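Subject: A structure for you to look through

Hello,

Here is the structure I promised to pass on to you. Please open it beside this message and follow along as you read.

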Amino acid sequence: MSRIVVGVDGSADAAAALAWTLEEARLRRSAVDAVHAWRLPLYAAAPEPWFVGMPELPHDLDAKVEAATEAHARDVLDAAVAAAEREAADAGIQVRKEVVRGNPAHVLLEAARDADLLVVGSRGHGGFAGLLLGSVSQQCVQHASCPVVVVRAPAGADGGAG
Ligand SMILES: Nc1ncnc2c1ncn2[C@@H]1O[C@H](COP(=O)(O)OP(=O)(O)O)[C@@H](O)[C@H]1O
Ligand SMILES: [Mg+2]
């Protein structure tokens, strides 16, 4: 069965990418993998020396931050897919949700390794304002082994930093 991977980061362009993906999946009779990549916030990955030495820090702080960050990543993906899920089910489209820890571009490229299509928004959350293409979507276009579709949200939608 053919398979379409779509990158979801909670942004307006990613929502447009997901909507486009579901329509394409309906036409192709594809399964959809909605993938959200997460990473630890930088302050947790590279704490300042004074922060490390703080006596009242719990010993399991890292595990707690990881668990909370991953849980939030699940919420972001659930929320982004929720609106589309019933419509997809009605159309007989199987939507699988994947929350993966890692660099977003690497995660998407790996997820799409054997896929028929990779779909991303043109911009996401954050990044440098003014760019037409975010760094994740750019890396996907440059390195994917399958065709890539880049989707822009309709004008007026909250386009994140773009
Ligand atoms: N963490 C992520 N997980 C899954 N997909 C992502 C992630 N970050 C970005 N993407 C995908 O890449 C698209 C472009 O985002 P990105 O290149 O990060 O732009 P920006 O620099 O504006 O944040 C998003 O619309 C989404 O489809
Ligand atoms: Mg981004």
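Five strands make up an open sheet, in the order 3-2-1-4-5, and their pairing is parallel. Strand 3 and strand 5 are the edge strands, each pairing on one side only. From one strand to the next, the twist averages 25°. Two strands count as paired if DSSP finds at least two bridges between them. Helices (H or I, at least four residues) and strands (E, at least two) are DSSP runs, numbered from the N terminus.

Before going further, please note that this is a predicted model, in which local features need pLDDT of at least 70, side-chain atom pairs count only at pLDDT 80 or more, and totals for chains, interfaces and linings use all residues. Residues are numbered from 1 along each chain as its sequence is written, while chains are lettered from A and ligands numbered from 1 in the order in which they are written.

The sheet, pair by pair

Strand 2 and strand 3 run parallel and are joined by seven bridges; here Val35 stands opposite Glu98 of strand 3. Strand 1 pairs with strand 4 over three parallel bridges, and Ile4 stands opposite Leu117 in strand 4. Four bridges, again in the parallel sense, link strand 4 with strand 5. There, Gly121 has Val151 of strand 5 as its bridge partner.

How well covered is strand 4? It is mostly covered, with five of its five residues buried. A residue is buried if 20 or more other C-beta atoms lie within 10 Å of its own, exposed if 12 or fewer, and partly exposed in between, with C-beta atoms placed from the backbone. In a regular strand the side chains alternate between the two faces of the sheet. In strand 4, Leu117, Val119 and Gly121 point one way, and Leu118 and Val120 point the other way.

The whole chain

The protein has six helices and five strands, which follow one another from the N terminus as β-α-β-α-α-α-β-α-β-α-β. It has 162 residues, and 33% of them count as buried. Two residues are in contact if their C-beta atoms, placed from the backbone, lie within 7 Å. Among contacts between residues at least 6 apart in sequence, 78% join residues at least 24 apart.

The helices

Helix 5 is largely enclosed by the rest of the structure, because six of its eight residues are buried. Those buried residues are Pro104, Ala105, Val107, Leu108, Leu109 and Ala111, and they pack against strand 1, strand 2, strand 3, strand 4 and helix 6. Helix 5 lies across strand 1, strand 2, strand 3 and strand 4, at about 155° to strand 2. Helix 4 lies across strand 2 and strand 3, and runs at about 165° to strand 3. For these angles, axes are lines fitted to C-alpha atoms (for helices, over the stretch in contact), and angles run from 0 to 180 degrees between N-to-C directions.

Most residues other than glycine have a negative phi. Just after helix 1, though, Arg29 takes a positive phi of about 55°. Arg29 sits in the loop between helix 1 and strand 2, and counts as exposed because it has 11 C-beta neighbours inside 10 Å.

Gln94 is in the loop between helix 4 and strand 3. Is Gln94 buried or partly exposed? With 13 C-beta neighbours inside 10 Å, it counts as partly exposed. Leaving aside neighbours within four places in sequence, Gln94 is in contact with Ala31 and Val32. The C-alpha atoms of Gln94 and Arg26 are separated by 10.0 Å, although the two are 68 residues apart along the chain.

The ligand

Which residues are closest to ligand 1? They are Gly7, Gly121, Gly124, Gly127 and Gly134, out of 26 residues that surround it (each with its C-beta atom, placed from the backbone, within 6 Å). Helix 1, strand 2, helix 5, strand 4 and helix 6 each supply at least two residues of this shell.
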